[in-house]
Amino acid sequence: MTVQERLERALAAGRLSHAYLLVGGEAEEKLRTVRQIAAALNCAHREGGRACGRCLSCRQLEAGCHPDYHFIEPRGASIKIDQVRKLEGELRLKAFQGGAQVVVFHPAESLTLEAANCLLKILEEPPGGVYFFLLAAQPALLLPTIVSRCQVLSCGGEQRGEAGVRTLWEEVLASDLGRLMTSVLPRLEKEEDVLSAVDGLMVACREQLVWQLTGEEGLLLEAGRIPAHLVGISLPPAALWRCYRHLRRTRTFLEQNANRHLALEVLLLNLHREVHSL
Ligand SMILES: [Zn+2]
């Protein structure tokens with residue numbers, strides 16, 4: 001069943017959640033899915049979970065001018081707190097056309113920390129008749145508290161390089177410092193897409209952390225599935241959290257085109273210290 005079909009079924013059954021996080025897959029396709037559901041929510045002649053495509057509301061959505069469809073995207077490099085505050089004010093007014101209001105954050109990982117915390121407060125006490133859709137390509141960059149407020153739907157596109165991430169973790173766990181520097185570092189440095197390798201490690205930390213702290217499958221990014229690369233990682237939560245922060249910092253350095261060799265060397269030294277100082 002596609003994500004759209006799942007959402008349509010939930011809508012038809014009156015079980016649509018107030019917040020969804022759509023991860024993976026193509027951005028365009030996710031946006032199309034969300035527009036379809038937004039249309040269905042407000043359609044004058046809805047059938048089951050599907051919009052008619054002809055009524056005024058459907059046509060407005062199609063034309064990108066529906067007053068109750070709030071599309072929030074980065075202004076400059078990020079989604080900022082004043083954008084979320086402005087949205088909050090708009091949501092307090094009732095829907096213009098008396099139907100549902102739909103809010104889309106794309107991409108959700110571009111929320112600044114302040115903006116994310118502001119959104120979190122809204123999600124904790126969601127206004128009635130408002131539906132949130134967070135779209136993310138790199139869910140590991142989201143606040144875990146935000147993720148825990150959403151129902152997570154995976155839109156395909158396997159988490160990249162699960163096997164590779166697992167191997168990398170195993171090497172970090174098992175290697176002495178010499179081997180990390182002479183064998184793991186050069187390979188990581190040559191990695192074509194080093195950011196996604198770092199992302200993979202972050203996801204692994206995040207999933208393991210959530211799993212250890214809650215034991216709830218529903219909170220994992222791929223609900224109900226413990227990713228293969230989690231097997232075999234057994235660090236206590238505090239160490240996982242520190243590893244996560246090292247990875248996050250390294251990611252920022254790499255994005256800012258810092259010296260790749262140095263950034264990765266520091267990362268491996270830090271991870272090694274976390275793993276072996278227990
Ligand atoms: Zn319609």
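Predicted model: local features only at pLDDT ≥ 70, side-chain atom pairs only at ≥ 80, totals over all residues.
Before you start: residues are numbered from 1 along each chain as its sequence is written. Local features need pLDDT of at least 70 and side-chain atom pairs count only at pLDDT 80 or more, while totals for chains, interfaces and linings use all residues.

**Exercise 1.** Work out whether the radius of gyration of the protein chain agrees with that of a compact globule.

*Solution.* Start with the rule: 2.2 Å times the number of residues to the power 0.38, with the radius taken over C-alpha atoms.

**Exercise 2.** Find how the chain is divided into domains and how far apart their C-alpha centres lie.

*Solution.* First, take the bounds, which come from an automatic or database domain assignment: domain 1 is 3-154 and domain 2 is 162-276. Next, their C-alpha centres lie 31 Å apart. Finally, look at the contact (C-beta atoms, placed from the backbone, within 7 Å): domain 1 gives eight residues and domain 2 gives nine.

**Exercise 3.** Describe how helices H10 and H11 pack.

*Solution.* Helices here are DSSP runs (H or I, at least four residues), numbered from the N terminus. H10 covers residues 237-255 and H11 covers 260-276. Their axes, lines fitted to C-alpha atoms over the stretch in contact, are 10 Å apart at about 180°. That makes H10 roughly antiparallel to H11 (angles over 145 degrees). Among the residues that meet are Leu 247 in H10 and Leu 267 in H11.

Terms used
Contact = placed C-beta atoms within 7 Å. Axes fitted to C-alpha atoms, helices over the stretch in contact; angles between N-to-C directions. Helix = DSSP H or I, 4+ residues; strand = E, 2+ residues; numbered from the N terminus. Parallel < 35°, antiparallel > 145°, perpendicular 65-115°, else oblique.
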